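The questions below concern the protein chain shown here.

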Amino acid sequence: MSLSSIDNFCGQHNIAGLVRIEYAPTHWIYAPEFERVVTEAGNWQYAITFTTGSWLTASARPAGRLWNEAGQNAEQGVFYQQEVRGIAPKLRPAVARQLGMMEKMGFLLKLTDRNGNPWILGTLENPFFFLASATSGDEAAGLNNYELIWTSSTQHRAAGFVPVLPE
């Protein structure tokens, strides 16, 4: 593999944040057809097939959608600490129940950043795990909301999601 100057990949747009957070429980994915193959252009090669359900959307405030990927060296090699956050407004009992169920599952994530780039995060072997916190906020400046957090330690950087076969 040859290297190029990073400047060759810099674009004209550099808008912070995420437009969309989508997620799917790993047990909904058809495992026999799931294969992590990434093209030379850095994109996930194949569409993801579901046995049940489809991608779910986390409606989150625009200012609260964030993704971080931090590479770290360890004795076993490089790994990437990944975190996706979102702020979902308004506490509700039905949402609290749903979030409690999600805290017991592993997930694949599909993100779209504000520059229009689609990303796929996680695998069946290295899923993302979910936690949520809730706050009523205060009367002066607080927001009544849930903070949604998906985290994982992955062996690979996230890949673009432009599969050869569309979903």
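Q: Is Thr-26 buried or exposed?
A: The model is a predicted one. Thr-26 has a relative accessible area of 18%. Buried means under 20%, so Thr-26 counts as buried.

Q: Which residues does Thr-26 touch, leaving out those up to four places away in sequence?
A: Thr-26 sits in the loop between strand 1 (18–25) and strand 2 (56–57). With residues up to four places away in sequence not counted, Thr-26 touches Gly-106, Phe-107, Leu-108, Thr-123, Leu-124 and Pro-127.

Q: Is Val-164 buried or exposed?
A: Val-164 belongs to the segment after strand 9 (159–160). The relative accessible area of Val-164 is 54%. Exposed means over 50%, so Val-164 is exposed.

Q: How far apart in space are Val-164 and Ala-47, C-alpha to C-alpha?
A: In sequence, 117 residues separate Val-164 and Ala-47. In space, the C-alpha to C-alpha distance between Val-164 and Ala-47 is 7.1 Å.

Q: In what order do the elements of the chain run from the N terminus?
A: The secondary structure comes to one helix and nine strands. Read from the N terminus on, the order of elements is β-β-β-β-α-β-β-β-β-β.

Q: What share of the contacts between residues at least 6 apart in sequence joins residues at least 24 apart?
A: The chain has 167 residues, of which 34% count as buried. Among its contacts between residues at least 6 apart in sequence, the share joining residues at least 24 apart is 69%.

Conventions
Residues are numbered from 1 along each chain as its sequence is written. This is a predicted model: local features need pLDDT of at least 70, side-chain atom pairs count only at pLDDT 80 or more; totals for chains, interfaces and linings use all residues. Side-chain values use heavy atoms; hydrogens and water are left out. Helices (H or I, at least four residues) and strands (E, at least two) are DSSP runs, numbered from the N terminus. Buried means under 20% relative accessible area, exposed over 50%, partly exposed in between (1.4 Å probe, protein chains only). Contact means heavy atoms within 4.5 Å.
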